[in-house]
Amino acid sequence: MPVLVVVGSQWGDEGKGKIIDLLTERADIVARYQGGHNAGHTVVVGKDEFILHLIPSGILHKGKQCVIGNGVVIDPAALIEEMDGLATRGINVDKNLLISKNAHLILPYHKALDVASETLKGNKKIGTTGRGIGPAYADKVSRRGIRMADLVDPAVFRAKLSENVGEANFLLGRFYNAPLVSGDQVFDEYMKYADRLRKHIVDTTLVLNQAIGKGKKVLAEGAQGTHLDVDHGTYPYVTSSNATAGGACTGLGIGPNRVTEIMGIVKAYTTRVGSGPFPTEQDNEVGKHLRDCGKEYGATTGRPRRCGWADTLVIRHAARVNGLTSVAITKLDVMDALDEIKICVGYEYQGTVYDEMPRSSPSWRDARRSISPCRDGNSPRSASSGMATCRKRRGTILRRSAN
Ligand code: IMP
């Protein structure tokens, strides 16, 4: 610290929640910088399990300030449900939760458009969480998004809402043949949310920069993972925000020179939810073992996660684009029951072995068919030769310099 950014190095679900929970001991503020309630951080405290979607897991620690930054998209109903759920378990968020006035709202038509678009795509769908994340970010980038500051100003909210509902309903009705959304109903519903959330909504960039200026330690919490990043991931099979470390600066409003450490969380094997290339996927007994033993079911949607071996090409790309200064490896114990552990060190594509991820989307698109990551090996091999077979090792945090 002073500013430590924690990022997922694969396709999300690397166990960031647990590591962030451990690191929170050393932080004054925990700040979430992107994504929405598509994320799900599972944190186990003693015998209690908490699944958090929007609120940083720092909230489980007494006296830690938690921030939802401007880079996050917020469904207020989901946020309030999470706040209430914590309150019933004795965790009061009233004093410790700050929400950026510039964070964008997810509205019911975003969710409707997300679901309608996925339905229309059929077997070409992204496999989104159906939470309205993509359409909310699309509105943000199209400069018609509605922000938290607008929510607490009824006149502004009503004007923006009626403009947007008109356009969304045109698409929903005429293009997707889907049910329409009632602007009046949304207005009434969201005014209740505004009353509840008003006192939490502030200029979080001011709070964060003043705190950093006073020497306070900030833990910046990323959601999803590097390969779901809209710029650096396996596009188009990605989420709609910057999950990589750069997103912490734009998503919290802090300068890059404030960031002192960037930790990548790497799961000892790989998982992914939804569609898209996954060269080391094991659609077999190994995958089943990883899923069952690693409890690999989505914390948000409950979907079974696709599981496979660790992939060094994926992790190396993450080390590069994030500028990782350290790595924490999670879930090594899931490998305990396996006699042999494989790690991908190269892809074969049309007879050539590659030791970096393919650049072109056609080869990614065909990845499951055409990229064969592995020839089974009996002993560790050098890079670029397919799949290395390793003896099991234990370890947690490895340090490396960024390059
Ligand atoms: P969206 O973020 O709901 O638009 O979904 C886009 C893609 O990101 C889909 O493949 C989702 O399964 C994936 N995704 C979104 N959030 C998470 C997460 O927290 N963990 C793993 N995958 C996620």
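Guide: Keep in mind that the model is predicted. The chain has 13 helices and 21 strands.

Visitor: What share of the contacts joins residues at least 24 apart?

Guide: Taking contacts between residues at least 6 apart in sequence, 77% join residues at least 24 apart.

Visitor: Let's go to helix 2 and helix 7. Why is helix 2 called oblique to helix 7?

Guide: Helix 2 covers residues 76-88 and helix 7 covers residues 183-197; their axes come within 10 Å and cross at roughly 45°. That angle makes helix 2 oblique to helix 7, because angles under 35 degrees count as roughly parallel and the roughly perpendicular range is 65 to 115. The crossing of the two helices is left-handed.

Visitor: Which residues make that contact?

Guide: From helix 2 come Pro-76, Ala-77, Leu-79, Ile-80, Met-83 and Asp-84, and from helix 7 come Tyr-190, Tyr-193, Arg-196 and Leu-197. They divide into eight nonpolar, no polar and two charged.

Visitor: On to helix 4. Which of its residues are buried?

Guide: Helix 4 spans residues 133-141, and its buried residues are Ile-133, Pro-135, Ala-136, Tyr-137 and Asp-139. They pack against strand 6 (73-74), strand 8 (104-105), helix 3 (108-121) and helix 6 (154-175).

Visitor: How do you know whether Arg-143 is buried or exposed?

Guide: Its relative accessible area is 77%. Exposed means over 50%, so Arg-143 is exposed.

Visitor: Where is Gln-224, and what is its phi?

Guide: Gln-224 is in the loop between strand 10 and helix 9. It has a positive phi of about 55° although it is not a glycine. Its relative accessible area is 9%; buried means under 20%, so Gln-224 is buried.

Visitor: Which peptide bond is cis?

Guide: The one from Tyr-235 to Pro-236 is cis, with omega near 5°. Pro-236 lies in the loop between strand 10 (218-221) and helix 9 (246-252).

Visitor: Why does Gly-276 count as buried?

Guide: Gly-276 has 14% relative accessibility. The cut-off for buried is under 20%, so Gly-276 counts as buried. You'll find Gly-276 in the loop between strand 12 (270-272) and helix 10 (285-293).

Visitor: What is Gly-276 in contact with, leaving aside its neighbours within four places in sequence?

Guide: Tyr-237 and Arg-306. As for Leu-228, it is 48 residues from Gly-276 in sequence and 10.0 Å away in space, C-alpha to C-alpha.

Visitor: What about the cysteines: why are Cys-307 and Cys-344 called buried?

Guide: Cys-307 has 1% relative accessibility and Cys-344 has a relative accessible area of 0%. Buried means under 20%, so Cys-307 counts as buried, and so does Cys-344.

Definitions and conventions:
Residues are numbered from 1 along each chain as its sequence is written. This is a predicted model: local features need pLDDT of at least 70, side-chain atom pairs count only at pLDDT 80 or more; totals for chains, interfaces and linings use all residues. Side-chain values use heavy atoms; hydrogens and water are left out. Buried means under 20% relative accessible area, exposed over 50%, partly exposed in between (1.4 Å probe, protein chains only). Axes are lines fitted to C-alpha atoms, for helices over the stretch in contact, and angles run from 0 to 180 degrees between N-to-C directions. Helices (H or I, at least four residues) and strands (E, at least two) are DSSP runs, numbered from the N terminus. Angles under 35 degrees count as roughly parallel, over 145 as roughly antiparallel, 65 to 115 as roughly perpendicular and the rest as oblique. A crossing is left-handed if the near helix is turned anticlockwise from the far one by less than a right angle, and right-handed if clockwise. Contact means heavy atoms within 4.5 Å. Ala, Val, Leu, Ile, Met, Phe, Trp, Tyr, Cys and Pro count as nonpolar, Asp, Glu, Lys and Arg as charged, and the others, Gly among them, as polar.
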